[in-house]
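Welcome to a short tour, to be followed with your viewer open.

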Amino acid sequence: MLDAFIIDRIRRERDAARGSFIPLRVEVPPPPRVEPLVPPPEEGGERGIAEIDFTI
């Protein structure tokens, strides 16, 4: 029994020899728009810094 790869290659070569092989054009849809999980910061809100000490 022949592998699928060999069968596919034989078909492609046979189609190419006949001249009937027409490559298909595949249109890829644009990726879906992803909304951010974190809402944007509000204007005029409190801002600050955080100090993290990694010493043990």
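Start by selecting isoleucine 10, which is partly exposed with a relative accessible area of 43%. In this tour, buried stands for under 20% relative accessible area, exposed for over 50%, and partly exposed for the range in between (1.4 Å probe, protein chains only). Isoleucine 10 sits in helix H1; helices (H or I, at least four residues) and strands (E, at least two) are DSSP runs, numbered from the N terminus.

A word on the ground rules: this is a predicted model, where local features need pLDDT of at least 70 and side-chain atom pairs count only at pLDDT 80 or more, while totals for chains, interfaces and linings use all residues. Residues are numbered from 1 along each chain as its sequence is written, and side-chain values use heavy atoms, with hydrogens and water left out.

Next stop, the charged pairs. How many salt bridges are there? The count comes to 2, taking a salt bridge as a side-chain nitrogen of Lys or Arg within 4 Å of a carboxyl oxygen of Asp or Glu.

Select arginine 12 and aspartate 8, whose side chains meet in a salt bridge at 3.3 Å, N to O. They are 4 residues apart in helix H1 (residues 4-18), so about one helical turn separates them. Arginine 12 is partly exposed at 40%, as is aspartate 8 at 37%.

Then pick glutamate 13 and arginine 9, joined by a salt bridge of 3.1 Å, N to O. Both belong to helix H1, 4 residues apart, about one turn of the helix. Glutamate 13 is partly exposed at 46%, and arginine 9 at 45%.

Finally, zoom out: the protein has 1 helix and 0 strands, and buried residues make up 0% of its 56 residues.
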